[in-house]
Amino acid sequence: MDIKKIVKSAVFSQKAYPVEERSCRIKLDANENPYPLPRALRRIISERLEAVSLNRYPAPGSPGLRKDFAQYYGVDEEMILIGNGSDELIHILLTAVDPRLSGSVMFPTPTFAMYGIIALNSGHNIIEVPLNGRLELDADAMLDIISDKDPPLIFLSYPNNPTGRCFDRDDIEKILEASSGLVVVDEAYFNFSGKTFMRDLDRWDNLVILRTLSKVGLAALRLGILIGHPLLIHHLNKVRLPYNVNIFSQVVGSLFVEHSGDFLELTDRIVSSRKWLFDELMAIEGINPYPSDANFILFSCFMEKDDVYARLIDRGVLVKNFASPDILKNCMRVTVGTEAENREFIESLKIVMQGE
Ligand SMILES: Cc1ncc(COP(=O)(O)O)c(C=O)c1O
């Protein structure tokens, strides 16, 4: 078998999304919520799951969840699409959109890696626009590309992963105004930023919002929510696989809406810890943290970064390292953990930076 003749060249030359397989005592690499679910909620989940018919397919299109999230967000049910994580929703968007030759998908870099990976695998030509030195959008460059090529799909992570800040709202509004393609504002970290375009859906029919339950303590469920124009949802539903969301996730997703206050208490705790972590990082010589609106902090390191990364692992602490040659070349990203995990990370980093 000549696999090169079988697999698309864009797939052949790709690297798979780099997920660190190493297990460490303190896992601060994947922007997860560090807190387990409160016991009372776990009990309710077990009770609800007892009533589930595992011999039947789950409801196609997750109608219960669509209703719950429509109410939760204050939008029409026809504006909601539920996915197996927002990764699947990104995949659905990229499958539905026409891969025009001149460049069909635009996003800033660095940003969430899956936009580029799924786009290339789906046959799109991508246009990457580097962030400026302040880690803001290069809005002029993006507006020039829109007036030249008008890409049918633009992704903006808000706040941006991995840089951490929300882009300037005026820049995003200009992009929404100028583009006739879809502008996806990915609000995966909304619960840590409090900033949203949800109230702007009436202003732009090409605005699409992504949310996820992965960052609020339910990463294992794989539940993402896309909010957009009903006509777009109608067509995306033809791309969605019939039973894309399993029954467990449908049941627990509804429970999130019912008990959102309990979940969001934990995200508030993360926001307080983020400030502590930022100040501590600031105080370490040779470390420069970037301000964050998310549940992680990007920091640059003036010592040999791969060495620092490896030595943190030796001490049982896993953060995210980047191999890219761009702005991130001296950077690592740490997820805000529990208070105890944050303390241990800081202590370990101090020791490593002192060359011990
Ligand atoms: C910006 C952004 N969007 C989407 C996702 C993926 O979310 P999900 O777990 O819902 O697939 C991530 C995950 O880290 C992310 O950083």
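Okay, ground rules. This is a predicted model, so local features need pLDDT of at least 70 and side-chain atom pairs count only at pLDDT 80 or more, while totals for chains, interfaces and linings use all residues. Numbering runs from 1 along each chain as its sequence is written, and side-chain values use heavy atoms, with hydrogens and water left out.

So, the cores. The largest nonpolar core has 49 residues, and Phe69, Ile80, Ile172 and Ile227 have the most contacts inside it. Take Phe69: leaving aside neighbours within four places in sequence, Phe69 is in contact (heavy atoms within 4.5 Å) with residues including Ile80, Leu213, Ile225 and Phe256. Apart from that core lies another, of 34 residues, with Leu277, Phe278, Leu312 and Met332 among them.

Now the ligand. How many residues surround the ligand? There are 14, the closest being Ser86, Asp186, Tyr189, Thr212 and Ser214; to count, a residue needs a heavy atom within 4 Å. Helix α5, residues 85-96, gives the largest share of that shell, 3 residues. Helices here are DSSP runs of H or I, at least four residues, and strands are runs of E, at least two, numbered from the N terminus.

Have a look at the ligand's oxygens. A polar side-chain atom of Ser214 lies 2.6 Å from one oxygen atom of the ligand, and for Arg222 a polar side-chain atom is 2.7 Å from a ligand oxygen. With Asp87 the polar atom is in the backbone, 3.0 Å from an oxygen of the ligand. The protein covers 93% of the 400 Å² of accessible area that the ligand has on its own, by the Shrake-Rupley method with a 1.4 Å probe.

Most residues other than glycine have a negative phi, and most peptide bonds are trans. Thr109 to Pro110 is cis, though, with omega near -5 degrees, and Pro110 lies in the loop between β3 (105-109) and α6 (113-121). Another cis bond joins Tyr158 and Pro159, omega about 0 degrees.

What about phi at Ser62? It is positive, near 45 degrees, and Ser62 is buried, at 0% relative accessible area. Asp150 also has phi near 45 degrees, but Asp150 is partly exposed, at 22%.

Conventions:
A polar contact is a pair of N or O atoms within 3.5 Å; within protein, one must be able to donate a hydrogen and the other to accept it, and residues adjacent in sequence count only if both atoms are side-chain atoms. A nonpolar core is a set of buried Ala, Val, Leu, Ile, Met, Phe, Trp, Tyr and Cys residues joined through side-chain atoms within 4.5 Å. Buried means under 20% relative accessible area, exposed over 50%, partly exposed in between (1.4 Å probe, protein chains only).
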